[in-house]
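Hello,

Here is the structure I promised to pass on. Please open it alongside this email and follow along.

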Amino acid sequence: QVQLVESGGGLVQAGGSLRLSCAASGGTFSSYVMGWFRQAPGKEREFVAAFTWSGFSTYYADSVRGRFTISRDNAKNTVYLQMNSLKPEDTAVYYCAGRLGKRIGGAYDYDYWGQGTQVTVSS
């Protein structure tokens, strides 16, 4: 049973930083794509960042490129999202997600999801 558990969300002021963590267990993730998505109230879940575990090719949404960094710890099967220069528009529930394959895809292509962690950025 693949399980993804996010942590690290919270309340920060605009311009601040947070680091989200996603602990992955129950599978061998070398052939997976791992990513972060977010969903604000009343809005569709949107892509934030992702990588291919093997080779670590990274991809970012235009809205976060240059501010957010996705990374991993192979030994701990943990995915991180470092978020800097946060804006009120970044306020959302952030989800860790995984899929077997090579393509980044969108939210509908991912099979495994964490429970989400709330990020709130005040102005």
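This is a predicted model: local features need pLDDT of at least 70, side-chain atom pairs count only at pLDDT 80 or more; totals for chains, interfaces and linings use all residues.

Now place Ser-21 in the fold. It sits in strand β3, which covers residues 18-25. Is Ser-21 buried or exposed? Its relative accessibility is 17%. Buried means under 20%, so Ser-21 counts as buried.

Next, the sheet. Four strands form an open sheet in the order β1-β3-β8-β7, and the pairing is antiparallel. The edge strands are β1 (3-7) and β7, and each of them pairs on one side only. On average, neighbouring strands of this sheet are turned by 15 degrees against each other, direction ignored. As a general point, strands of a sheet pair through backbone hydrogen bonds, either parallel or antiparallel.

Look at two pairs in turn.

- β3 and β8: they pair in the antiparallel sense over six bridges. In this pair, Ala-23 stands opposite Thr-78 in β8.
- β7 and β8: strand β7 spans residues 68-73 and strand β8 spans residues 78-83. They also pair in the antiparallel sense, over six bridges. Here Ile-70 stands opposite Leu-81 in β8.

One last stop is the hairpin of β7 and β8. Four residues lie between the strands. Asn-77 takes a positive phi near 50 degrees there.

Best wishes

Conventions
Residues are numbered from 1 along each chain as its sequence is written. Side-chain values use heavy atoms; hydrogens and water are left out. Helices (H or I, at least four residues) and strands (E, at least two) are DSSP runs, numbered from the N terminus. Buried means under 20% relative accessible area, exposed over 50%, partly exposed in between (1.4 Å probe, protein chains only). Two strands pair if DSSP finds at least two bridges between them. Axes are lines fitted to C-alpha atoms, for helices over the stretch in contact, and angles run from 0 to 180 degrees between N-to-C directions.
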